Amino acid sequence: MALDQSFVGRTYPPTPAYEVGREKIREFAEAVGDDNPAYVDPEAAKALGHPDVIAPPTFVFSVTFKAAGEVVRDPQLGLDYSRVVHGDQKFAYTRPVRAGDRLTVTSTIESIKSLAGNDVVDVRGEVHDESGEHVVTAWTKLVARAAEEA
């Protein structure tokens, strides 16, 4: 059954703050195989004009995807998470994520489509630091695969 179009535009409350740590950034950079010194060496980051180490561009996915979970768990929306796959991801940065940032994410459902029996939900996550400065916008596409016929 197709999801309710009236959910398009629904915005969820901001998440609790996520504190970005140097070690988390280092672990993430190592996991994705990116040896950029600005991700692990504060002096290398400062030489590039940053106050501390910065995170690889896709680091923020772990924060925004968790926030998108609020949309997924919304019982009124009725999305069957057991059938969900991650369809796409993109980011638009105002500035890099930095160690010491305390980030909150506000998620909004941008679109709901039904394609070949699959439900496709686009969620926009607006990420701000604790001073309210915009850091990045992340778009996540979730696809709930159609149920198999018996």
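Which residues of the largest nonpolar core touch the most other members? I will come to that directly, but please keep in mind that what we have on the screen is a predicted model. The core in question has 20 residues, and the ones that touch the most other members are I25, V97 and V127. As for the elements that give two or more residues to this core, they are the helices α1 (22-31) and α3 (61-72), together with the strands β3 (102-115) and β5 (134-144).

Let me stay with I25 for a moment. If we leave aside its neighbours within four places in sequence, I25 is in contact with V20, Y39, V53, I54, A55, P56 and F59, and also with R98 and A99.

Turning to the chain as a whole, we have three helices and five strands, and reading along the sequence the order is β-α-α-α-β-β-β-β. Of the contacts between residues at least 6 apart in sequence, 69% join residues that are at least 24 apart. The C-alpha atoms fill a box of roughly 60 × 30 × 20 Å along the principal axes, and of the 150 residues in the chain, 41% are buried.

How values were computed: Residues are numbered from 1 along each chain as its sequence is written. This is a predicted model: local features need pLDDT of at least 70, side-chain atom pairs count only at pLDDT 80 or more; totals for chains, interfaces and linings use all residues. Side-chain values use heavy atoms; hydrogens and water are left out. A nonpolar core is a set of buried Ala, Val, Leu, Ile, Met, Phe, Trp, Tyr and Cys residues joined through side-chain atoms within 4.5 Å. Buried means under 20% relative accessible area, exposed over 50%, partly exposed in between (1.4 Å probe, protein chains only). Helices (H or I, at least four residues) and strands (E, at least two) are DSSP runs, numbered from the N terminus. Contact means heavy atoms within 4.5 Å.
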